Amino acid sequence: MAILLGLELQPTEVARALLWGAAISFLTLFTYRLAFHPLAKYPGPLLARLTTLYGAYHAYHGDMHLDLQRLHRKHGTFVRYGPNALSVGSVNGYHDIYGYGKKFRKADSYSIHGPGSLIGTPDKAEHARKKRIFSQGFSDTALREHEPKVIDLVNLFSEKLLEDKVTSDGWTKPKNLSDWCTYLTTDIITKVMFTTTYELLASTKNHQFLVAALTAGRMLGIIHQSALFYKFPLLLALIVPAIGKSLTVMRGHIKDMLKRSLQARENNALKDNLERFRKARDPVTGEVLTEDYIRRSCTLFVGAGSDTSAVTLAATFHYLSCSPEFYVKVASEVRSTFKSLDSIRPGPALNSCVLLRATVNEALRLTPPAAQPLWREAEPGGATVDGQFFPPGVNLGTSLYVLHRTSSFASPNAYNPARWIPLNDSDEEKDRIKNLSRSFAPFSTGSRQCIAKNFAMMEILTTLAIVLYRSDFEAVGTGKDGEDGEFEFKSYFTTHTKGPMLRFREREI
């Protein structure tokens with residue numbers, strides 16, 4: 001342009017002009033976001049209102065749940081947590097966003113998972129069709145088939161916890177339960193999905209897979225808060241240098257497991273979910289899934305399924321070890337319900353352990369498996385959330401950490417499993433429990449609710465029952481963690497925990 005006008009500009013003048021242009025562009029953008037954007041009236045940190053990097057920063061550090069709780073205490077129900085993102089901190093608001101039939105779709109950030117998997121399928125009708133097929137892998141019939149695989153691995157887990165005795169009265173050396181619970185749940189979900197496993201309980205050979213998976217989870221958490229890191233991967237590599245190596249390690253392990261799984265079924269009729277999904281049809285449309293879609297989704301199930309159950313188990317072990325009175329009650333309930341180790345299995349007897357179920361619910365409440373907001377975009381026509389209308393294209397979400405600490409719960413930061421147990425059969429008590437349940441959504445709600453919820457609860461309850469029946473355990477050190485003995489964690493895309501450090505001793509049965 002300068003040449004056409006007959007002007008001769010020096011490089012410094014060009015640079016200055018470019019800088020001025022960039023400054024004006026940013027000033028215009030920031031002015032719009034602060035003063036004219038549909039979310040401009042809602043309170044929130046200045047940086048969050050200006051840039052998605054604010055949310056990415058807290059995702060990187062894994063403290064987004066704490067930051068959101070602090071902001072909702074300060075500002076109330078609505079907190080602007082990004083230029084186009086609003087965090088909603090009320091029970092009604094949560095159900096207005098995620099409930100059945102609501103006018104929200106998954107936000108664009110889910111595109112990172114790709115349309116070739118269930119979690120990355122944005123279209124509601126298509127998702128519903130494919131969910132009907134995948135749900136067959138977690139039906140009551142399927143759970144009964146999965147049961148022996150689960151029990152075998154849980155028994156191995158309980159044996160491993162009792163290894164390495166270091167005292168004369170039979171106590172073991174301390175064990176990191178977050179690690180051991182992840183070994184267990186990853187072996188279980190891969191066994192159920194593919195028949196082959198990483199054999200994490202039996203060997204340390206493949207433990208590097210879990211380190212790589214943690215890095216990938218951290219990456220996903222960052223990208224879900226800021227699309228900049230999806231559009232410009234080099235930026236992500238700068239702040240998470242290990243991401244390239246981690247993805248390579250993960251792909252290698254997954255490829256190897258799939259290869260072994262396919263080889264194992266060449267001359268055998270295997271009963272696992274991979275085989276079930278290959279043969280399954282949508283009961284409404286008759287649709288079948290492609291091989292690639294099945295493999296991608298099964299691989300994602302491994303990550304989601306192992307994280308959810310491992311975090312819940314680790315949190316439950318932590319809170320029981322910090323609550324001797326309730327620990328004694330839960331252990332007594334399990335040991336009086338079952339007459340032998342072999343008799344512990346999913347079914348009416350296990351379901352009758354109300355104290356056990358209560359302690360799992362309370363662990364899920366305090367340590368939700370996914371504590372970041374799962375962003376949803378308002379569809380054409382807009383949507384109303386907790387009495388406020390929002391135009392199409394705006395993202396809203398709720399952190400389960402915030403939801404699980406609303407006024408529905410007395411002393412919300414305290415560990416109190418008894419809150420889940422009705423005191424009597426009165427209508428007042430029924431209403432109280434119903435109100436708690438409405439404020440409790442560890443597996444999400446609505447059409448996107450976790451399809452493996454019943455499988456996860458079966459796995460968790462069976463594991464705790466077998467360990468409590470077979471052994472005693474106690475915390476090494478104080479057993480305390482954060483405020484009120486809270487089990488501290490990092491909120492990446494899924495929750496990441498460390499500890500508790502426990503030691504075990506076999507019971508005389």
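**Exercise 1. Find which residues touch the most other members of the largest nonpolar core.**

Start with the core itself, which has 90 residues. A nonpolar core is a set of buried Ala, Val, Leu, Ile, Met, Phe, Trp, Tyr and Cys residues joined through side-chain atoms within 4.5 Å. Buried means under 20% relative accessible area, exposed over 50%, partly exposed in between (1.4 Å probe, protein chains only).

A quick word on the model: it's predicted, so local features need pLDDT of at least 70 and side-chain atom pairs count only at pLDDT 80 or more, while totals for chains, interfaces and linings use all residues. Residues are numbered from 1 along each chain as its sequence is written, and side-chain values use heavy atoms, leaving out hydrogens and water.

**Exercise 2. Work out how strands S1 and S2 pair.**

First, locate them: S1 covers residues 78-82 and S2 residues 85-88. Strands here are DSSP runs (E, at least two residues), numbered from the N terminus. Next, check the pairing, which needs at least two DSSP bridges. These two have four, in the antiparallel sense. Phe-78 sits opposite Val-88, and two residues separate the strands in a hairpin. Finally, look at cover: five of the five S1 residues are buried.

**Exercise 3. Is Ile-239 buried, partly exposed or exposed?**

Find Ile-239 in helix H11, residues 233-239. Helices are DSSP runs too (H or I, at least four residues). Ile-239 counts as partly exposed because its relative accessibility is 31%.
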